[in-house]
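Here is a short note for a colleague opening this model for the first time. Please read it with the structure on screen.

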Amino acid sequence: MRPRRFDLIAFDWDGTLFDSTLLITRSIQQAVCDVGGSMPSDAQASYVIGMGLMQALAHAAPDVPPEQYPRLGERYRHHYLARQHDISLFDGVLPLLADLKSRHHWLTVATGKSRHGLDETLRHVELQRVFDGSRTADETAGKPSPQMLLELMREFGVEPERTLMIGDTTHDLQMALNAGCASLGVSYGAHDPAAFAALQPLHVAHSVRELHDWLLAEA
């Protein structure tokens, strides 16, 4: 086996491990309409995936006044929670995580979800014990701030050059760049991978299988 290149691997959640991009997009659109805003396009709504909830909704609904943000957030949660159990992990994620665990990487999550939302989802898919750590947007700075990764690196005593961030959005890759870490993009999530090149990912995987193969060979 080749020497391990990365000790700490941080995954984004939505659109990278969890097939939730379409549900999040539709929930944002419905929430904006519920409070009287102009419905964002699919591209506008999916662009904000990965940001903290209030930051994302404010960006997706520029015509909604700030005093409406709490209701906007409540309506988003209403629409998302109504269908959250209809979605699941992407095929191939479980064996991918199992193989990485067997090689003794520290596995973590860095997500725009809330702590409550991530914990509930991890319980639903029975992955609480797979991940060694996590950071959510409501307990530290949201993406693309490097704070999530800096805190995880400090928690595990890992240097930036031994840390890899994996995500489906430019927010994920920019966060890694800001933290001085390597990154890996996946093209099957929220953002057009054509925008990834400027953010210097080591590779862009077009499927979970390709992601799995790259990590086993290169991580």
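Predicted model: local features only at pLDDT ≥ 70, side-chain atom pairs only at ≥ 80, totals over all residues.

1. Helix 1 against helix 4. Helix 1 covers residues 21–34 and helix 4 covers residues 69–83. Their axes lie 8 Å apart, and the packing angle is about 140°. That angle makes helix 1 oblique to helix 4. The crossing of helix 1 past helix 4 is right-handed.

2. The residues at that contact. Helix 1 brings Leu23, Ile24, Ser27, Ile28, Gln30, Ala31, Val32 and Asp34. Helix 4 answers with Arg71, Leu72, Arg75, Tyr76, His79, Tyr80 and Arg83. By class, the contact of helix 1 with helix 4 holds eight nonpolar, three polar and four charged residues.

3. Helix 3 against helix 4. Helix 4 also packs with helix 3, at an angle of about 105°. Here the axes are 10 Å apart. How do the two helices lie to each other? Angles of 65 to 115 degrees count as roughly perpendicular, so helix 3 and helix 4 are roughly perpendicular to each other.

4. The residues where helix 3 meets helix 4. Leu53, Met54, Leu57 and Ala58 come from helix 3. Tyr69, Leu72, Gly73, Tyr76 and Arg77 come from helix 4. The class count for the contact of helix 3 with helix 4 is seven nonpolar, one polar and one charged. Note Leu72 and Tyr76: both are listed in the contact of helix 4 with helix 1, and both are listed again in the contact with helix 3.

5. Helix 7 against helix 8. Residues 147–156 form helix 7 and residues 170–179 form helix 8. The two pack at about 55°, with axes 8 Å apart. Helix 7 and helix 8 are therefore oblique to each other. Helix 7 passes helix 8 in a right-handed crossing. Met148, Leu149, Leu150 and Met153 of helix 7 touch Met175, Ala176 and Ala179 of helix 8.

6. The largest pocket. Its volume is about 520 Å³. The lining has 26 residues, and those closest to the pocket centre are Leu53, Tyr76, Gly112, Lys113 and Ser114. At least two lining residues come from each of helix 1, helix 3 (53–60), helix 4 and helix 6 (115–124). By class, the pocket lining splits into twelve nonpolar, nine polar and five charged residues. Leu53 and Tyr76 also sit in the contact of helix 3 with helix 4.

7. The cavity. The structure has one cavity of 30 Å³ or more. About 40 Å³ of space lies in this largest cavity. Which residues line the largest cavity? They are Phe18, Gln84, His85, Glu120, Thr121 and His124. One of these lining residues is nonpolar, four are polar and one is charged.

8. A cis peptide bond. Look at the bond between Lys143 and Pro144: the peptide is cis, with omega about 10°. Pro144 lies in the loop between strand 3 (133–136) and helix 7.

9. A positive phi. His104 has phi near 65°, a positive value in a residue other than glycine. Where does His104 lie? His104 is in the loop between helix 5 (93–102) and strand 2 (106–111).

Definitions and conventions: Residues numbered from 1 in each chain as written. Heavy atoms only, no water. 1 Å grid on protein atoms, 1.4 Å probe; cavity = no way out; pocket = protein on both sides within 12 Å on 5 of 7 lines; lining within 4 Å. Points joined across faces, edges and corners; volume = space filled by probe spheres on them. Nonpolar A, V, L, I, M, F, W, Y, C, P; charged D, E, K, R; others polar. Axes fitted to C-alpha atoms, helices over the stretch in contact; angles between N-to-C directions. Helix = DSSP H or I, 4+ residues; strand = E, 2+ residues; numbered from the N terminus. Parallel < 35°, antiparallel > 145°, perpendicular 65-115°, else oblique. Left-handed = near helix turned anticlockwise from the far one by under 90°. Contact = heavy atoms within 4.5 Å.
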